[in-house]
Every structure is written in structure tokens, then in C-alpha cells.
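Me: I have this one open in the viewer and would like to go through it with you. Could you take my questions as they come?

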Amino acid sequence: MATSARHAAWALAPAFAVLLAFWLLPLAHLIVLGSESRDSNGSGYWQVLSSAQYVGSLVQTCVLAMVVTGAALLVGGISGVFLARQRFFGRSALVALLTFPLAFPGVVVGFLVILLAGRQGLLASLGLHLAGERWIFAYSLAGLFVGYLYFSIPRVILTVMAACESLDRSLEEAAHSLGAGHWRVVCDVIVPGLAPALASCGAICFATSMGAFGTAFTLGTRLNVTPVAIYNVFTNYANFAVAAALSVVLGAVTWAVLLLTRRLVKNAGTVL
Amino acid sequence: MKRSSLFVVQLLFTLLVCAFMLVPVLMSLLAGLTRNFFVGLSSGLTFDWLVQVWQAYSPTVWLSLQLAVACAVCVCVVGVPAAYALVRMNNRFSRAFEELMVLPVAMPGLASALALLLTYGQFGAFRSSWLFILVGHVLFTLPFLVRPVMAVMQRQQLPVLEEAAASLGAGPIKRFFSVVVPNCRAGILAGVLMVVTLSLGEFNLTWMLHTPMTKTLPVGLADSYASARLEIASAYTLIFLLMIVPLLIALQAISARLSRGERR
């Protein structure tokens, strides 16, 4: 079998060449670029880490991504367990409808948020009708939250449904027969059983929310989140060192969270 | 059968989530077909907006389709052999390679695009052609083909079949095309559909990589969201949805079939 393994290694060559030339090399270049300094302001990394604005945008992006992840896990977890466990008329249609938005690009999600909570949105006219004032929050962090939630929920639902299949139902029945109430069973049996899937899915939701440029771009380039900051630094100020440094820091944080989750959870099935 | 009140609460909650996902999409469909969205449905339905969008933005649709097909071809050429190698090797190196392959998806697209732009941006002819966007799309979609193909390959008795073919005198290349590829058609098909869907909707990378001459559908969408009136933007979104929803339905059908095969 040694020769066939060697043949197999050759089959990997094209993919390796593509990744090396168009990803590893550019990434290394980006990391080096971030340490260059254009004028006497110090390297890109120093400018990023010493600026309250950039650090603030990073913190804000991280917190937003964490809140979105938590909310998506809660909402998607409840619906996912429900859809995996119950059989009723229209269930598969409901699952199909809930999973479509997974493939919607960020820009489209941003537009949907505008339709929901923008100046002429549904909530604006609803608010005008009910309270006499337009409810508009699409162009703020709340709008961003709604958008990120929109594309995170389908992913959680899919993952939770898949994880529920492998859950041992006899444990729940045992807990019930020992007198545990619904709430106790959820907390002590179902949630720990789903924990690996929830953790790895949460990490992916976090990563997606950290880098979701499209939604933020549609909702307005005044929002102080890191992808928008990178874009502004790059296009408006042509400050390549800072743009590169910000990208590297954003990528490093995202990657670290994914790696950490992988270390904590082994072999969790996720929908990428 | 009598359902508990817990069931009703959970069902209502799920329906609420479903409404959250669907209502904006339906609004967008409606807005793209209404004569004047601010007046409402009473202004009448029309296809005028769709016609206007087509007149202004049809090149973006064609470019996106061209990119998606080219991307699917490239990813197949690179990815199917890679999946085969990863399944076959299954050692520390191949696992490290898998990690590496997924990284461009995990990384913020903007960062990858910036890296590409700052490294290869000075090659003018390459920078201004659609191939520059293609490179980004291939990087981003590669794992979405390799993963399902690997999953199918792991289930099949590929080593046995290959040994049989080898004992009949088939060389490695012949074995790959006449044994390996036909046996993982379903995985390749699922992967290709996913790649096409993702390539049609890719924005984070594309926005940095595009030039005024190479605008894709999502780039055009972002343009219209920023500058056009709501009806035009909605009609444009409608065209986009008409393109990807059939793909998504096909994808769901195939992955249902694949997971049935897994259980069997």
C-alpha cells in the first residue's frame, strides 16, 4: 500500500499549490505588511493596538459576535430540538424554510434587515400605527445584531437537529422516571448531550459574525465594527499597514476561538 | 393524539422564528413587484422594475454565472483528487492539510481578499480580469466540495474496488477516473451545487477583488441597495433569489438522499 499512498500524495499537489500560492503566501505577506510603518507612527500593529478607536471596534465586534452567538444558540437550540423530536404535519416544509437563509449572502441579509426595521420598513409602519412613531433601528448595532442572528439561526437549527439524532433518549426517560421535571431534564440531560455540537456550532457562528462584512456594509459604513474599519482604512486612507494589521488581528482572534473550541470539543459534527 | 401544552408553546416559538426568517423575504418579493411600495399594493403590481433591473444589471448576472461555473470546474479539478488523497493518506500530514484548507473559510473574507489584493494587485492584467475574483471564490469554496466527497469516499469500499481494478491491470490514473470518480458522483454533485450556490452569493471577498469592469451579482446588489430606489433593489434581490432557491432545493434533496445512504 506504500506506493498507493505515494500516488495519493500526488493527487494532493494541485490543491496544495493553489493554497500555497493564493492563500499562504498572501497571508504571510499580509502579516509582514502589518509590521511596516509608513511614516513615524510605528508599525501597523502598534498603531492598531495603541488606538482607542481600533481597539474599541475590535472589542465591540467581539462582544456583538458573542451576544449573537448566545442568542442564536438559544433560539436555534429550542427550535432545533423541537423539530428533531416532534413529528407533525408540515414539519419538513418548516425545516426546509428555516434552512434556506443559510445560503443568503450578507448583503442580502442586510437588505432584509432594512426592509424589516429600516426607514420604510415593516416595524416603522407598525410603530407608526401602534405608537405614533416610526421604529427604526436597522442602521445601528441593533440592526447588525438582527442581521447576524438571521444568518446564524439556520446553522444552529441544522446542527442541533443532526446532534439530536445521536442523543440517547433512554437517558431522558430514565431521568423522567426518576421524577425529574421537564426543566431538569433539559438542563441535566439534553443540554450536556448537545454541548459538543452547540460549542462547535457556536464557534462557527462567532467566526462568521466577526467577519460578516456584507451585512455591515449594507446597513451603513458608519458602524464601528472591525470589517468596516478595515475597509475604510484601506479605501479612504490607503493605509495598507494598518489595514493589514487589523485584518491579521481580526483573523487571529477568529482563528483562536475556533482552535480553542476544537481543543475543548473533539469530534463534534457541525455544518460548516 | 393529544399534544401537551409544551408542544404548543414550542410550535408557536418555532413558527415565530420561521416568520422572522420569511417575512422580510416575502416583503422583498412584494416590493419588487409593486408599482409603488410606499403607497402599497393598491398602486398595482408590475414587472417594470424587473425589466429595469435587467436592463441595468444583466451583465452582473452573466458574470456571476460564468464565475460560478468556472469556480465549480476549478474546484472539481483541484478538489476531487485532493479528497481522494486525504481519504487515502489519513495521517498527520493529511489532517494538517485539511485544517489548512478550511482556514480561508474560517478567516474573515475581507482579510483574505486584502492579502490577495496586496500581493497580486500589482499585476494589472490579472488584477483587472475576472480570474482574480475566480481565485478568491476557489479558495473560499474548496472545502465545501472536498468535505462531502470525502464523506462519500469514506463510506464506499474504495480500496477493495481499486485493488480489484489494479489486479486487472488498471494503472493509477485509469483507476481514479473509472473507479473512484464514478463511485462518488453523489458527493461531487452535492459539492458542486454548494460551490455554485456559494459562488453566486459571495460578497466579502468579491467586493475587494472586483473592478468596475468585473461586477458580480452581489456587488451589483450592494450598489443598488446603496443608491437605487427600494423597488429596484427588491426586484434585483428577487432575480437573485430566483437563481439560488432552485439550487438550494436541489441541494436539500441530494443531501437527504446522501444521509439516507449513510444510515443504510
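Me: What is the helix and strand content over residues 61-251 of chain B, and how far apart are the end C-alpha atoms?
Reply: In this predicted model, residues 61-251 of chain B are 85% helix and 0% strand, and the end C-alpha atoms of the span lie 21 Å apart. Helices here are DSSP runs of H or I with at least four residues, strands are runs of E with at least two, and both are numbered from the N terminus.

Me: Which UniProt annotation covers that stretch?
Reply: The unreviewed UniProt entry annotates residues 61-251 of chain B as "domain: ABC transmembrane type-1". UniProt positions are given in the numbering used here, with feature names shortened, and such annotations may be inferred rather than shown by experiment.

Me: Before I go on, what are the ground rules for numbering and confidence?
Reply: Residues are numbered from 1 along each chain as its sequence is written, while chains are lettered from A and ligands numbered from 1 in the order in which they are written. Because the model is predicted, local features need pLDDT of at least 70 and side-chain atom pairs count only at pLDDT 80 or more, whereas totals for chains, interfaces and linings use all residues.

Me: OK, how many helices and strands are in chain B, and how many in chain A?
Reply: Chain B has twelve helices and zero strands, and the secondary structure of chain A likewise comes to twelve helices and zero strands. The C-alpha trace of chain B spans about 75 × 70 × 30 Å along its principal axes, and the C-alpha atoms of chain A fill a box of roughly 75 × 70 × 30 Å.

Me: What share of each chain is buried?
Reply: Of the 264 residues of chain B, 45% count as buried, and of the 272 residues of chain A, 46% do. A residue is buried if 20 or more other C-beta atoms lie within 10 Å of its own, exposed if 12 or fewer, and partly exposed in between, with C-beta atoms placed from the backbone.

Me: How many residues does each chain put into the contact between them?
Reply: The contact takes 67 residues from chain A and 66 residues from chain B, where two residues are in contact if their C-beta atoms, placed from the backbone, lie within 7 Å. On the side of chain A that touches chain B, the largest share, 19 residues, comes from helix α1 (residues 2-34) of chain A. That side divides into 53 nonpolar, 14 polar and no charged residues; Ala, Val, Leu, Ile, Met, Phe, Trp, Tyr, Cys and Pro count as nonpolar, Asp, Glu, Lys and Arg as charged, and the others, Gly among them, as polar.

Me: Which domains is chain A divided into?
Reply: Chain A is divided into domain 1 (1-34) and domain 2 (44-264), with bounds that come from an automatic or database domain assignment. The C-alpha centres of these two domains of chain A lie 32 Å apart, and four residues of domain 1 are in contact with eight residues of domain 2.

Me: And the largest nonpolar core, which members touch the most others?
Reply: Of its 165 residues, A:Leu246, B:Leu114 and B:Val195 touch the most other members; a nonpolar core is a set of buried Ala, Val, Leu, Ile, Met, Phe, Trp, Tyr and Cys residues joined through C-beta atoms within 7 Å. The largest share of this core, 17 residues, comes from α2(B).

Me: Why does the core lie between domain 1 and domain 2 of chain A?
Reply: Both domain 1 (1-34) and domain 2 (44-264) of chain A give residues to this core, so it lies between them.

Me: What is A:Leu246 in contact with, leaving aside its neighbours within four places in sequence?
Reply: A:Leu246 is in contact with A:Val48, A:Tyr54, A:Thr226, A:Ala229, A:Ile230 and A:Val233. Among these, A:Thr226, A:Ala229, A:Ile230 and A:Val233 are buried residues of α11(A).

Me: Is α11(A) mostly covered or mostly open?
Reply: It is mostly covered, since eight of the eleven residues of α11(A) are buried. What covers them includes α3 (52-85), α9 (182-211), α10 (213-219) and α12 of chain A, together with α4 (109-120) of chain B.

Me: What follows α11(A)?
Reply: A:Ala238 follows, with a positive phi near 50°, and this residue is found in the loop between α11 (226-236) and α12 (240-264) of chain A. A:Ala238 is exposed, with 9 other C-beta atoms within 10 Å.

Me: What about B:Asn90, where does that one lie?
Reply: B:Asn90 lies in the loop between α2 (48-89) and α3 (92-106) of chain B, and its phi is near 45°, a positive value in a residue other than glycine. B:Asn90 is partly exposed, with 13 other C-beta atoms within 10 Å.
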